[in-house]
Amino acid sequence: MDVIHNHNTSKPLFLYVAYQAVHSANLYAPLQAPLDYIKRFSHIKDKKRRIFAAMVSAMDDTVGQIRESLKKKYMLHNTIIVFTTDNGGPAAGFNDNAASNWPLRGVKATLWEGGVRGISLIWSPLLKHPSRVSVDLMHVTDWLPTLYRAAGGNVSDLGKLDGHDLWDTLSSAKGPSPRTEVLLNINPVAGVAALRVGDFKLVQGTVYQGQWDGWYGPSGREPRRAPTPAEIVCKPKPANASTNCRPAKKPCLFDVAQDPCEFHNLAEEKPQVLNMLLKRLSQYNSTAIPPGNKPMDPRSNPKYHGYQWINWMDYV
């Protein structure tokens with residue numbers, strides 16, 4: 001708010017606000033929020049979910065304060081606000097947390113849709129086709145050319161980029177996204193990789209020995225009601241959803257446009273598509289730089305230098 005208040009409006013402003021909340025909790029830094037916010041959600045029976053909701057609400061209020069600051073500075077009419085996540089939530093006790101990626105599969109750190117599929121919101125008077133839901137394929141690297149172009153820049157001045165300019169797609173709904181594929185990850189140390197090309201997604205290997213390869217977290221949609229335009233709706237979960245894909249043994253293939261919850265492994269039904277994605281993954285891997293993983297160094301421990309850990313929770 002101070003940055004906005006002191007800004008010279010004759011010059012452009014790029015403001016990146018990286019909130020620490022809402023983030024993953026753990027045993028030494030549990031979920032926490034101001035008491036008055038927690039009281040707002042007394043109707044939520046699960047204590048962790050109640051605190052989690054309070055954290056979200058507190059963050060929302062500060063986003064509103066930033067927007068109000070832009071309005072008071074007469075900057076709001078020429079502003080683009082992007083609100084986005086970086087990954088799926090750690091659900092069902094993962095990292096001692098209470099998030100939910102319902103109805104998607106997996107959690108943070110996994111390569112299932114619940115771990116990699118994020119949502120974003122764009123608000124701006126500059127949008128030519130607002131008040132709609134876009135399901136166009138986008139990667140985090142696309143934000144740079146997209147926002148640079150929206151601000152009046154020539155994307156070609158940025159040189160060779162991994163990202164694509166999606167401003168026309170997002171602002172005017174002019175044509176589909178120029179992005180057709182997303183390399184989700186290649187981890188040669190863990191033997192894990194995932195790639196999406198068009199509507200199809202390849203999943204190879206697993207993390208945490210497959211302990212988080214399921215579906216977790218409450219829907220938050222009780223009592224039942226009609227889905228909203230932005231809501232992901234999946235077909236009924238088949239009985240073999242948890243067993244038809246064993247990515248640690250062999251690659252799995254999903255049509256995430258028709259099956260966003262990754263219920264149906266199509267690897268045997270569509271071997272040509274599977275082989276195409278495996279070949280594309282190999283092409284990506286051929287350009288990869290070997291990972292720089294090093295063994296744990298005991299000298300990085302503060303105790304090694306004579307310091308002692310302080311449990312800050314003892315003083316809260």
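Visitor: Which elements do the buried residues of helix H5 pack against?

Guide: Before that, some ground rules. This is a predicted model, where local features need pLDDT of at least 70 and side-chain atom pairs count only at pLDDT 80 or more, while totals for chains, interfaces and linings use all residues. Residues are numbered from 1 along each chain as its sequence is written, and side-chain values use heavy atoms, with hydrogens and water left out. Buried means under 20% relative accessible area, exposed over 50%, and partly exposed in between (1.4 Å probe, protein chains only). Contact means heavy atoms within 4.5 Å. Helices (H or I, at least four residues) and strands (E, at least two) are DSSP runs, numbered from the N terminus. Now your case: the buried residues of H5 pack against strand E1 (81-84), strand E2 (120-123) and helix H6 (167-172).

Visitor: Which residues of H5 are buried?

Guide: Helix H5 covers residues 143-150, and its buried residues are Trp143, Pro145, Thr146 and Ala150. Just after H5, glycine 152 has a positive phi of about 100°.

Visitor: What does UniProt list for residues 3-152?

Guide: An unreviewed UniProt entry gives "domain: Sulfatase N-terminal" for that stretch. UniProt positions are in the numbering used here, feature names are shortened, and annotations may be inferred rather than shown by experiment. In the model, residues 3-152 are 31% helix and 5% strand, and the end C-alpha atoms lie 22 Å apart.

Visitor: How many disulfides does a search of the whole structure find?

Guide: The general idea first: a disulfide is a covalent bond between the sulfur atoms of two cysteines. The cut-off used here is a pair of cysteine sulfur atoms within 2.5 Å. The search finds 2. One joins cysteine 234 to cysteine 261, with the sulfur atoms 1.8 Å apart. That pair links distant parts of the chain, 27 residues apart: cysteine 234 sits in the loop between strand E5 (200-204) and strand E6 (252-255), and cysteine 261 in the loop between E6 and helix H7 (271-286). The other joins cysteine 245 to cysteine 252, S to S 2.0 Å. Number the bonded cysteines in sequence order and the pairing reads 1-4, 2-3.

Visitor: Why is the disulfide of cysteine 234 and cysteine 261 right-handed?

Guide: Look at the torsion about its S-S bond: it is about 80°, so the disulfide is right-handed. The link of cysteine 245 and cysteine 252 is right-handed too, with 105° about the S-S bond.

Visitor: Is cysteine 234 buried or partly exposed?

Guide: Cysteine 234 counts as partly exposed because its relative accessibility is 22%. Cysteine 261, at 0%, counts as buried. Cysteine 245 is buried at 2%, and cysteine 252 at 1%.

Visitor: Where is tryptophan 112?

Guide: Tryptophan 112 is in the loop between E1 and helix H4 (113-116). At 3% relative accessibility, tryptophan 112 is buried. Leaving aside neighbours within four places in sequence, its contacts include Cys245, Phe254 and Glu262. The C-alpha atoms of tryptophan 112 and cysteine 261 are 8.7 Å apart, though 149 residues separate the two along the chain.

Visitor: Which residues of E6 are buried on its two sides?

Guide: Cys252 and Phe254 are buried on one side, and Leu253 and Asp255 on the other, so to speak a strand with both faces covered.

Visitor: How many bridges join E5 to E6?

Guide: Strands pair if DSSP finds at least two bridges between them. E5 and E6 have 4 and run antiparallel, with leucine 253 in E6 as the bridge partner of leucine 202.
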